[in-house]
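Here is a short briefing on one strand, its neighbours and the sheet around them. Have the structure open as you read, and follow along from one topic to the next.

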Amino acid sequence: MADRAPGGPEAERAPGRGATASDADRGWLSEAIELSRRCRPSPSAFCVGAVLVSADGTVMAQGFSRERDSRDHAEEAALATLDPGDLRLASATLYSSLEPCRFRASRPRSCSELIIAAGLRRVVIAWLEPPIFAKGGGAERLRDAGITVVEVPELAAEARAVNAPVLGAHGAGPT
Ligand SMILES: [Zn+2]
């Protein structure tokens, strides 16, 4: 925005724009990981948090796994609170502590499909879904749809640690 000084508070909160993570992106992704700590643990699903942020750095929606229903996914819970006609969606960035699902058993539409349908163009994630409960591949699906997917490996360990019990139970360590 022309009326905002570069480096001001808004600039620090505004999501990055490209295929690499900015400091603001890392900050928002950390908030998504914090949200994931609010999930009720499940032996058969990951704990995930998601935050949707508009181009000017405003939180549009947030959600976490099993927030209202045992089948809720984080991205789905966040998107469900939005007006599908919200004009900010095309320039917003979705932060998810885990790669959005491509395949799921619990409901017919995967989070990848919901993200594509919402018209989002940029997604930032901490780690890729390990093939424990479903095949991964969400990032590939999103990229195939022309969406920029940014992985932030330096936050992967923190996001995985929230899921240490379920990873351990399936023979995958938290590191
Ligand atoms: Zn999902």
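S1 and strand S3 (residues 93–96) pair in the antiparallel sense, with four bridges between them; strands count as paired if DSSP finds at least two bridges between them. Strands (E, at least two residues) and helices (H or I, at least four) are DSSP runs, numbered from the N terminus. This is a predicted model, in which local features need pLDDT of at least 70 and side-chain atom pairs count only at pLDDT 80 or more, while totals for chains, interfaces and linings use all residues. Residue numbers start from 1 along each chain as its sequence is written.

- Ala50 has Gly63 as its bridge partner in S2.
- Five residues lie between S1 and S2 in their hairpin, and Gly57 in the turn has a positive phi of about 90 degrees.

**Burial of S1**
- Five of the five residues of S1 (residues 49–53) are buried, where buried means 20 or more other C-beta atoms within 10 Å of the residue's own, exposed means 12 or fewer, partly exposed is in between, and C-beta atoms are placed from the backbone.
- Gly49, Val51 and Val53 are buried on one side of S1, and Ala50 and Leu52 are buried on the other.

- Ala50 counts as buried because 31 other C-beta atoms lie within 10 Å.
- Beyond its neighbours within four places in sequence, Ala50 is in contact with residues including Ala32, Ala78 and Tyr95; contact means C-beta atoms, placed from the backbone, within 7 Å.
- Ala50 and Tyr95 have the most contacts inside the largest nonpolar core, which has 42 residues; such a core is a set of buried Ala, Val, Leu, Ile, Met, Phe, Trp, Tyr and Cys residues joined through C-beta atoms within 7 Å.
- Helix H2 (residues 23–36) gives the largest share of this core, five residues.

**The whole sheet**
- Five strands form an open sheet with mixed pairing, in the order S2-S1-S3-S4-S5.
- S2 and strand S5 (148–151) are at the edges with a single partner strand each, so one side of each has no neighbour in the sheet.
- Strand S4 (residues 122–125) and S5 run parallel, joined by four bridges.
- H2 packs on the sheet, touching S1, S2, S3, S4 and S5, and its direction makes about 140 degrees with that of S1; axes are lines fitted to C-alpha atoms, for helices over the stretch in contact, and angles run from 0 to 180 degrees between N-to-C directions.

Definitions and conventions: Contact = placed C-beta atoms within 7 Å.
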